[in-house]
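Take a look at the rings in this protein model. Where do they meet, and what surrounds them?

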Amino acid sequence: MEVMNCRNCKRLFNYIGGQMICPSCKDKLEQKFLEVKQYIRENPGKNISEISKDMDVSIHQLKTWVRQERLSFTSESNMTIDCEKCGAPIRTGRFCENCKRSMVNTLDALYKKDDVSKPKRHESDKMRHL
């Protein structure tokens, strides 16, 4: 455990992991998230800059919640963010479906390759008990 200054309020707190903000600021941020979520439900046609202005939340924070898949854009909103790998427009998360599929296939191929590199055991390699 280490003592750090909160990025928001600059108070000292015991940092365990995750965001470098104190528990008090973390609670305030979570409360703000719930307010924004309710506001979006009540005003589905608003774009991200209007939500940011009306709710006093940065666009960066809104996009962070979208990337964390806590918020998502509806098809009616015509709002998207860019896939972190290829730049394709997506409504939530970090990667588009094609990039997700590509990463899964790559990891799957690496896993299968690792299985092939292990020596195969033969019947004669087994331990015998007398």
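This is a predicted model: local features need pLDDT of at least 70, side-chain atom pairs count only at pLDDT 80 or more; totals for chains, interfaces and linings use all residues.

Residues are numbered from 1 along each chain as its sequence is written, and side-chain values use heavy atoms, with hydrogens and water left out.

A search of the whole structure finds two aromatic pairs. Rings of Phe, Tyr and Trp (its six-membered ring) pair if their centres lie within 6.5 Å; planes under 30 degrees apart count as stacked, over 60 as edge-to-face and the rest as tilted. Phe13 and Tyr15 are edge-to-face, with centres 6.3 Å apart and planes at 85 degrees. Phe13 is buried at 9% relative accessibility. Tyr15 is buried too, at 17%. Buried means under 20% relative accessible area, exposed over 50%, partly exposed in between (1.4 Å probe, protein chains only).

Phe33 and Trp65 also pair edge-to-face, at 5.1 Å and 70 degrees. Phe33 lies in helix H1 (residues 23–42) and Trp65 in helix H3 (residues 59–67), so this pair ties together parts 32 residues apart in sequence. Helices (H or I, at least four residues) and strands (E, at least two) are DSSP runs, numbered from the N terminus. Phe33 is buried at 4%, and Trp65 is buried at 2%.

Now follow H3. Its buried residues are Gln61, Leu62, Trp65 and Val66. Just after H3, Glu69 has a positive phi of about 65 degrees.
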